[in-house]
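Visitor: I am new to this one and would like to know what the terms mean as we go. Could you show me around?

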Amino acid sequence: MDQTAFLIGFSVMSVASLAIYATGKKTQPSGHHTLLHASVPFIAATAYLAMAFGIGTLINSDGSLTYLARYVDWSVTTPILLSGLVLLAFHEHGKTGEVGGYLTSVIVLDVLMIVTGLISSLAAPSMAKWIWYGWSCVAFLGVLYLLWVHCGHWRSAAAPPWERPMARTSPS
């Protein structure tokens, strides 16, 4: 059953990657966005294919399965997605000089969340498993915090025009 589901996932992600590439712009300045966005489902398709063939599947001491390909996929694709999101936000608001350290912090917390989640998945059922899970959640909250606080202007930018604050104009 798992193999069929993984092959369906592989097929859907492959078609999605091709569709994103086929319909996206290929010219500059936005051509690189098409390649980045198409790469995410392509990488996911690769992970589904590995899982379909049982590559990197570990059987834990309690009989549960851990799919390493899934964690490798997330470790690559979520930084790509977060980078696109953060770079767009900083580009839209002219803060490109601040993006380096901020982007590094978001990506480090994201990858830390995934790695500690993997460690939690591999740990035998015990208090240690829950501690690793909790630490993974703390890293996730760090990602959310950084996105909420430093990119909070997205909330007003995403609001419908009638809900946005009116710009004040000085009398002439």
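**A guided look**

Guide: Gladly! The protein chain holds 6 helices and 2 strands, where helices (H or I, at least four residues) and strands (E, at least two) are DSSP runs numbered from the N terminus. Along the sequence they follow the pattern α-α-β-β-α-α-α-α. This is a predicted model, in which local features need pLDDT of at least 70 and side-chain atom pairs count only at pLDDT 80 or more, while totals for chains, interfaces and linings use all residues. Residues are numbered from 1 along each chain as its sequence is written, and side-chain values use heavy atoms, with hydrogens and water left out.

Visitor: Which residues make the contact between H1 and H2?

Guide: Contact means heavy atoms within 4.5 Å. Among those involved are Phe-6, Phe-10 and Ile-20 of H1, and Leu-35, Phe-42 and Tyr-48 of H2.

Visitor: What makes Pro-79 buried or exposed?

Guide: Buried means under 20% relative accessible area, exposed over 50%, and partly exposed in between (1.4 Å probe, protein chains only). Pro-79 has a relative accessible area of 10%, so Pro-79 is buried. You will find Pro-79 in helix H3. Not counting residues up to four places away in sequence, Pro-79 touches Trp-74, Ile-107, Asp-110 and Val-111. The C-alpha atoms of Pro-79 and Val-108 are separated by 8.8 Å, although the two lie 29 residues apart along the chain.

Visitor: What makes up the largest nonpolar core?

Guide: A nonpolar core is a set of buried Ala, Val, Leu, Ile, Met, Phe, Trp, Tyr and Cys residues joined through side-chain atoms within 4.5 Å. The largest one here has 10 residues, including Leu-82, Phe-90, Val-99, Tyr-102 and Leu-146. Helix H3 (68–92), helix H4 (99–122) and helix H5 (127–150) each give two or more residues to this core, and H4 gives the most, with 4 residues. Apart from this core lies another, of 7 residues, among them Ala-47, Met-51, Tyr-67 and Ala-69.

Visitor: How much of the chain counts as buried?

Guide: Of the 172 residues of the protein chain, 30% count as buried.
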